[in-house]
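Subject: Structure for you to look at

Hi,

Here is the structure I promised to pass on. Please open it and keep it beside you while you read my notes below.

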Amino acid sequence: MSNGLGTLLVGMGRAGRGLHLPVLRRLRADPGTAHLFAPGPVLAVDPHHRPGAAADLRPTTLAEAPRLLDPDRTVVHLCTPPTARAAALDALGRLGYRRVLLEKPVAADSRGLDELLALRDRYGTDLVVVAQWLGSRLTDRLRALLAQDAYGPLRTIHVVQRKPRFSRSLAGDGHPTAFDVELPHSLGLCLALAGPGEVTGAGGTDMVVGGRVLPRLGTAWLNLQHDSGAWTRIRSDLTSPVRERRVTLELAHGTLIGHFPGSEADAYARLTVIDRDGESTELLHDDALGGFLEHTYRYYAADGTRRGPHPDLAVNTQVVRLLDRAKAIAAGGQVPGGPVRGGARGSAGPGGGAGRGRAVRAAVGR
């Protein structure tokens, strides 16, 4: 009998079909990782994006899936929109699934997060959040350079995330705001590099396409003051004509500039180090999602030898709560969980651009 784990994909939209499935196919075909997976096809459940059958993929229903793969030996990739995730996790728990991999964001807000955590406790679910930036080779290099302390203390982190996302936003894929698209990755990275912190300012803009207004889906920004003394600035633009995922770490005696792969079409990251001796650049093969899924299946395969939640779950839940606060500031409402230092609608902060309490709309097709 194989010791590998079965796979159930729940949600076959962009994340399930376009990201997870291709990576799973590579891992299942690779001799170095094939043993992690049970023989037989991947099961796929989605009434709205029903995939065509293939030798390695079998469309099914949630009710039928447990008869095809033992829930006790199956990893579920939960790729439904964040607004529909609690109901899906409840249904999976009732069917006996305990290993559940959650696409980002974990939840749309703190209330949704609390629902998920309550369901985790009720069913004993071992949740892992898709946070491939935390396990990427570029992040590993940044962590190593910070640990060496060769450039002095970390002062600031600047993250820029830009890409065109008009069609998916128009289609309505369950991401309520621009804060829910790219920032879950970058905010988790900043917390991992600089430690816990508090939101001090946030804002965003609408997207306008052909006269149609998509509220809060244009841009998003936030500032974060870390307890360590460093501060973070994140800027995301979903109306940009170009793709960029860049992180800049400014230290006392040097600057580290990292470029993550722009999409799944390429698997290379770049790191540039600037110090008093000049500038050097390093190219890194960085199949972040592939490495993350491999690590996750190894983690689930060894679940009889450990106790407690996944080590990154705390960071990923904190990401949701901080983004919830940032969205409240950007909307001009009350902040869940108490006041946030320096937060006010339209307060741009360092590099901010929200303006005087009025969102500047990104106009397209006017």
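The protein chain exposes about 16100 Å². Carbon and sulfur atoms supply 51% of that area. Keep in mind that this is a predicted model. The chain has 366 residues, and 51% of them count as buried. It holds nine helices and 15 strands. Now take the contacts between residues at least 6 apart in sequence: 68% of them join residues at least 24 apart.

Now find helix H3, residues 85-95. Its buried residues are Arg85, Ala86, Ala88, Leu89, Asp90, Leu92 and Gly93. Why would residues spaced along a helix point the same way? An α-helix has 3.6 residues a turn, so residues three or four places apart point the same way. What do the buried residues of H3 pack against? Their partners are strands E1 (6-10), E4 (74-78), E5 (99-102) and E6 (126-129), plus helix H4 (110-123). Just after H3 comes Gly96, with a positive phi of about 100 degrees.

Then look at a helix pair. Helix H7 (residues 183-194) packs with helix H9 (residues 313-331) at an angle of about 115 degrees. Their axes are 9 Å apart. The crossing of H7 and H9 is right-handed. On the H7 side, the contact uses Leu183, Pro184, Leu187, Gly188 and Leu191. On the H9 side, Val315, Gln318, Val319, Leu322 and Leu323 take part. By class, this contact has eight nonpolar residues, two polar ones and no charged ones.

Last, some backbone details. Which residues does a cis peptide bond join? They are Lys104 and Pro105, with omega at about -10 degrees. Pro105 lies in the loop between E5 and H4.

Asp149 is not a glycine, yet it has a positive phi of about 55 degrees. You will find Asp149 in the loop between helix H5 (137-148) and strand E7 (154-164). Arg216 is not a glycine either, and its positive phi is about 65 degrees. Arg216 is found in strand E9, residues 212-226. Is Arg216 buried, partly exposed or exposed? Its relative accessibility is 43%, between the cut-offs of 20% and 50%, so Arg216 counts as partly exposed.

Best wishes

How values were computed
Residues numbered from 1 in each chain as written. Predicted model: local features only at pLDDT ≥ 70, side-chain atom pairs only at ≥ 80, totals over all residues. Heavy atoms only, no water. Helix = DSSP H or I, 4+ residues; strand = E, 2+ residues; numbered from the N terminus. Buried < 20%, exposed > 50% of the residue type's maximum accessible area, 1.4 Å probe, protein only. Contact = heavy atoms within 4.5 Å. Areas by Shrake-Rupley, 256 points an atom, 1.4 Å probe, with all protein chains shown as cover. Axes fitted to C-alpha atoms, helices over the stretch in contact; angles between N-to-C directions. Left-handed = near helix turned anticlockwise from the far one by under 90°. Nonpolar A, V, L, I, M, F, W, Y, C, P; charged D, E, K, R; others polar.
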